[in-house]
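Please open the structure in a viewer and keep the sequence at hand.

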Amino acid sequence: MSCAFAAEPATAAVLVALGPAAGAAPSHCGIIMAVTQPAAESPFLRACRRQPVPHTPVWYMRQAGRSLPEYRALRAGTAMLDALSTPDLITEITLQPLRRYHVDAAIFFSDIVVPLRAIGVGIEIKPGVGPVVDNPIRSAHDLPQLRPLEPDDVPYVTEAARNLTAELGATPLIGFAGGPYTLASYLVDGGPSKNFEATKSLMYAEPAVWHELMSRLAEITIGFLQMQVAAGASAVQLFDSWVGTLSLEDYRRAVLPHSKRVFEALAGAGVPRIHFGVGTGELLGVMGEAGADVVGVDWRVPLDEAARRVEPGKALQGNLDPAILLAPWEVIEPRTLEVLARGRTAEGHIFNLGHGVLPQTDPDVLARLTELVHATPASPS
Ligand code: 1CP
């Protein structure tokens, strides 16, 4: 059957008129529906679209989890991947930070390795370590297991995202997935890595195997993002966290075609696409070329400089150093105001940290930071 759902303006209007349930497309299509109202006019989505905003929108990477005592209490005794496949836990943990902070978006509580585990890859998330793979991928023989993701593989994602969209009302839900390079780094090195020796060896020594691996991962990522959008997510973020470890030329050759493929596949989804990586100062321009609507910036490059490096027609997201939040408020406040001032030079700005919230961050500081961002005029008066 052909899947005709697309985010044409007319379709969007009909979906909006009929309410969220009308947009629930047959689940086997892996399709895309329009942004559900009333989130469409939220400051977060307006900033993604580079439209004027009443205040600078703000959310935090890793806001769901890690630093919140209520998260740790809820997670106690439940393995990470079990929590990530339980709709009620996903829903509750996604909502926890919104009860504390007046952030402008929720981020779906999941992990970049969830789709890999869902298609049968032996992978665990070890406490204090991160994702660890039973049998790392090292050759072409290991690739067939990386089959496309089907909606039936992750019913808990669809269920939780639908519940969340209903619950969140006007607050947008951000869906996300790992970028192909970052997923490859866990699969090939077998776990968190500093220098990505096995991953880079494969990339340099076996380009054909590498591109086949990356193509398969791009398809899995596309499927995972499309499912979240079909279930109501109104923006998506591609976390290609570790691409900053590549040179510009290697990124262009080994990663860019696959990231482009992901963004192209989401182009008709009618939702903003955000592209984020760490240590990507040298790559910001080319990451913009990959096709996202918003480019995430870590703390190393000031936003006015980032705006010069990224092609026109993109909003920026970032970029306070998460470690600054461990300093006294007298340090945090001027640094935040500086990020906001530089962010005003971009065509659109979503305030965020340059990477995830550190686990030892005081939640009250994040609450105060959110208030400061909202209280600071979004455009020079
Ligand atoms: O038990 C725990 O609480 C473990 C910590 C944890 C959490 C809270 C892991 C293990 N994953 C998650 C959830 C998660 N992962 C979210 C939740 C939504 C949010 O609030 O943001 C997100 C967006 C991710 C995405 C993710 N997982 C990334 C990309 C984002 C980033 O920070 O760069 C990466 C690289 C991972 C892998 C991963 N999962 C977990 C850890 C500790 C890691 C990193 C390991 C490493 O350093 O390589």
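**The whole chain**

The model on display is a predicted one. Begin with the protein coloured by secondary structure, which comes to 16 helices and 9 strands. Of its 381 residues, 50% are buried. Among contacts between residues at least 6 apart in sequence, 73% join residues at least 24 apart.

**The open sheet**

Select next the strands S1, S4, S5, S6, S7, S8 and S9. These 7 strands, in that order, form an open sheet with parallel pairing. Strand S1 (106-107) and strand S9 (349-353) stand at the edges; each has a single partner strand, so one side of each lacks a neighbour in the sheet.

Within the sheet, select strand S4 (residues 173-178) and strand S5 (residues 235-239), which run parallel and are joined by 5 bridges.

**The nonpolar core**

Together with Ile174, Ala233 and Leu316, Val236 touches the most other members of the largest nonpolar core, which has 111 residues. Helix H10 (residues 207-230) gives the most to this core, with 12 residues. In soluble globular proteins, nonpolar side chains tend to be buried together.

Select H10 by itself. Its 24 residues reach 34 Å from the first C-alpha to the last, close to the 34 Å expected at 1.5 Å a residue. The helix is mostly covered, with 17 of the 24 residues buried. Just after H10, Gly232 takes a positive phi of about 120 degrees.

Then centre on Leu316. Leaving aside residues up to four places away in sequence, Leu316 touches Val294, Val295, Val297, Leu303, Ala306, Ala307, Val310, Gly343, Ala346 and His349.

**A cis peptide bond**

Remain in this part of the sequence and select Gly318 and Asn319. A cis peptide bond joins these two residues, with omega about -5 degrees. Asn319 has its place in strand S8 (residues 315-320).

**Around the ligand**

Which residues come nearest to the ligand? Of the 22 residues around it, they are Ala64, Gly65, Gly130, Pro192 and Ser241. The shell around the ligand divides into 12 nonpolar, 7 polar and 3 charged residues.

**The hairpin**

Ile125 stands opposite Pro131 in S3. The two strands form a hairpin with 3 residues between them, and Gly128 in the turn has a positive phi of about 75 degrees.

**Two arginines in a loop**

Finally, select the loop between helix H2 (43-48) and helix H3 (69-75), where Arg50 is placed. Arg62 has its place in the loop between H2 and H3 as well. Phi of Arg50 is near 65 degrees, a positive value in a residue other than glycine. For Arg62, phi is likewise positive and near 65 degrees.

Why does Arg50 count as partly exposed? Arg50 does so because it has 18 C-beta neighbours inside 10 Å, whereas a buried residue has 20 or more and an exposed one 12 or fewer. Arg62 is also partly exposed, because 17 other C-beta atoms lie within 10 Å.

Terms used
Residues numbered from 1 in each chain as written. Predicted model: local features only at pLDDT ≥ 70, side-chain atom pairs only at ≥ 80, totals over all residues. Near = placed C-beta within 6 Å. Nonpolar A, V, L, I, M, F, W, Y, C, P; charged D, E, K, R; others polar. Pairing = 2+ DSSP bridges. Helix = DSSP H or I, 4+ residues; strand = E, 2+ residues; numbered from the N terminus. Core = buried A, V, L, I, M, F, W, Y, C linked by C-beta atoms within 7 Å. Contact = placed C-beta atoms within 7 Å. Expected span 1.5 Å × (residues − 1).
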